[in-house]
Amino acid sequence: MVVLTPTYKSIRQTIRINGRRMVLPPLFTDIIDERNGYNYPISLFLSLQVYSSQTRNLPFIVLYDFQMNNSPSLEKIQINQRKIILPEKATKHASLEDEVTIIGVDNHMELWHPKNYHAYENLQAIKPRLIVP
């Protein structure tokens with residue numbers, strides 16, 4: 001597995017989308033550009049995920065800008081400059097409408113419906129913490 005340098009860690013931004021079309025913010029594309037040497041189009045690899053807790057299932061999308069062992073669960077999509085068109089099944093899966101919250105997590109980006117991400121944050125806030133003696 002290739003790890004990005006620098007990573008996406010701690011980047012978060014909510015943007016508007018038009019149907020399935022979105023423009024990635026410069027914070028994210030600068031990292032992709034640096035890794036890929038500004039060569040376009042770039043293949044991103046998409047995976048549909050669900051965060052499950054005892055109270056809720058929160059669907060979201062994960063985008064990787066490298067291939068992870070040719071996994072059949074990853075769908076290849078193209079980014080040209082900063083523009084991306086998400087597959088219809090992905091936008092339906094994550095309930096994306098007119099806004100998306102993009103989260104940088106270590107070596108990938110997560111795309112969330114803003115309400116689902118807010119619910120996820122609330123669940124994380126009340127999750128019991130491990131206390132180390």
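Predicted model: local features only at pLDDT ≥ 70, side-chain atom pairs only at ≥ 80, totals over all residues.
**View 1. The whole fold and its confidence.** The protein holds three helices and eight strands, arranged from the N terminus as β-β-α-β-β-β-β-α-β-β-α; helices (H or I, at least four residues) and strands (E, at least two) are DSSP runs, numbered from the N terminus. The average pLDDT, the predictor's confidence in each residue on a scale from 0 to 100, is 77, and 74% of the residues score at least 70. Confidence is highest in helix α2 (residues 88–93), with a mean of 91, and lowest in α1, with a mean of 70. Residues 1–6 have a pLDDT below 50, and this stretch makes 12 contacts in the model beyond its near neighbours in sequence, a contact being heavy atoms within 4.5 Å. Among contacts with a separation of 6 or more, 67% are between residues 24 or more positions apart. Of the 133 residues, 41% count as buried, where buried means under 20% relative accessible area, exposed over 50% and partly exposed in between (1.4 Å probe, protein chains only).

**View 2. The largest nonpolar core around Leu63.** A nonpolar core is a set of buried Ala, Val, Leu, Ile, Met, Phe, Trp, Tyr and Cys residues joined through side-chain atoms within 4.5 Å. The largest one has 23 residues, of which Met22, Leu63 and Ile102 touch the most other members. Two or more residues each are given to this core by α1 (26–36), β3 (42–52), β4 (57–64), β5 (75–80), β7 (99–105) and β8 (108–112), and β3 supplies the largest share, three residues. Residues up to four places away in sequence being left out, Leu63 touches Leu44, Phe45, Leu46, Ile77, Ile84, His108, Met109 and Leu111. Another core, of 12 residues, lies apart from the largest one and includes Phe45, Val62, Tyr64 and Leu74.

View 3. Seven of the eight residues of β4 are buried, so that the strand is mostly covered. Strands pair if DSSP finds at least two bridges between them; β4 runs antiparallel to β3, with eight bridges joining the two, and antiparallel to β8, with three bridges. Four residues separate β3 from β4 in the hairpin that these strands form. Tyr51 has Leu58 of β4 as its bridge partner, and Ile61 stands opposite Leu111 in β8. In a regular strand, side chains alternate between the two faces of the sheet.

View 4. His108 lies in strand β8 and counts as buried because its relative accessibility is 11%. The side chain of His113 reaches the backbone nitrogen of Lys115 at 3.1 Å, and, neighbours within four places in sequence aside, His113 is in contact with Ala94, Ser95, Leu96 and Glu97.

View 5. Five aromatic pairs are found in a search of the whole structure, rings of Phe, Tyr and Trp (its six-membered ring) being paired if their centres lie within 6.5 Å, with planes under 30 degrees apart counted as stacked, over 60 as edge-to-face and the rest as tilted. The rings of Trp112 and Tyr117 are edge-to-face because their planes stand at 70°, with the centres 5.5 Å apart, and both residues are buried. The rings of Tyr117 and Tyr120, with centres 5.7 Å apart and planes at 35°, form a tilted pair. Both tyrosines, Tyr117 and Tyr120, lie in helix α3, three residues apart, about one turn of the helix; Tyr117 counts as buried at 11% relative accessibility, whereas Tyr120 counts as partly exposed at 21%. One aromatic cluster is formed by Tyr51, Phe60, Trp112, Tyr117 and Tyr120.

Note on methods:
Residues numbered from 1 in each chain as written. Heavy atoms only, no water. Polar contact = N/O pair within 3.5 Å; in protein donor to acceptor, adjacent residues only side chain to side chain.
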